[in-house]
Amino acid sequence: MANARTAANTRWAGVPAARRRDERRDMLVRAAYRLFTAGGEAALAVRAVCREAELHTRYFYENFADTAELLAAVYDQQATALGDVLARAVEDAAPRPDARTRAGIRAVLRFISDDPGRGRVLFAEARGNEILAARRRAAQTALLEGVLAMTREQDPPLPVVIAATMFTGAMTELAQQWADGRLGTDLDAVVDGAVTLSLALRC
């Protein structure tokens, strides 16, 4: 135990207090991500997370009120990463609806393929968890607003809003099914089919 305390003191020696807290928070979030993707919500006990992060339990409560708040932070981290990837993909694509749609769908599915745990956090696991449910609703609303913004219309007519809403719901379900492994492993085939259907929906 003395060696552990010495190692902890050495780790944070000379590091400003605010940065120490931020680093410990990040360590806890990353540890929770590993546990959650391996064992689901039941794996997120405070002691288990602290053991995985190699931190004392007091550092957990320095950053989070409970494991529900920690799980929300895990979701936020992955949602932010996905948003960044999606924005870059759409920005780099040719300025045609089909090209931007293809780039966006591929970016989302590739993001999940690169680390299947991301899909468990963002779409699959803990469907009964109200914190995750609230964040997923907010994310879907943000996606809808982004799709409507791509139309470049200040006040889109009702048919456009309906089509965008249907596309948003379909995209969320597509990502969830891909994360669950129900669509096979051929990314190109899934992207091609999704683009064809989404463009038909807009017509």
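Predicted model: local features only at pLDDT ≥ 70, side-chain atom pairs only at ≥ 80, totals over all residues.

The protein chain is built with ten helices and zero strands. Of its 203 residues, 37% count as buried.

**The chain as a whole**
- Reading from the N terminus, the elements run α-α-α-α-α-α-α-α-α-α.
- Take the contacts between residues at least 6 apart in sequence: 61% of them join residues at least 24 apart.
- The accessible surface of the chain comes to about 11500 Å², and carbon and sulfur atoms account for 55% of that.

- In soluble globular proteins, nonpolar side chains tend to be buried together.
- Here the largest nonpolar core has 42 residues, and Leu28, Ile105 and Leu109 have the most contacts inside it.
- Several helices supply at least two residues each to this core, among them α2 (17-39), α5 (67-92), α6 (97-114) and α9 (158-179).
- The helix that gives the most to this core is α2, with eight residues.

**A look at Ile105**
- Which residues does Ile105 contact, leaving aside neighbours within four places in sequence? They are Met171, Leu174, Val191, Ala194, Val195 and Ser198.

**A look at Gln177**
- You can find Gln177 in helix α9.
- Is Gln177 buried or exposed? Its relative accessibility is 19%, and buried means under 20%, so Gln177 counts as buried.
- Not counting residues up to four places away in sequence, Gln177 touches Arg182 and Leu183.

Note on methods: Residues numbered from 1 in each chain as written. Heavy atoms only, no water. Helix = DSSP H or I, 4+ residues; strand = E, 2+ residues; numbered from the N terminus. Buried < 20%, exposed > 50% of the residue type's maximum accessible area, 1.4 Å probe, protein only. Contact = heavy atoms within 4.5 Å. Areas by Shrake-Rupley, 256 points an atom, 1.4 Å probe, with all protein chains shown as cover. Core = buried A, V, L, I, M, F, W, Y, C linked by side-chain atoms within 4.5 Å.
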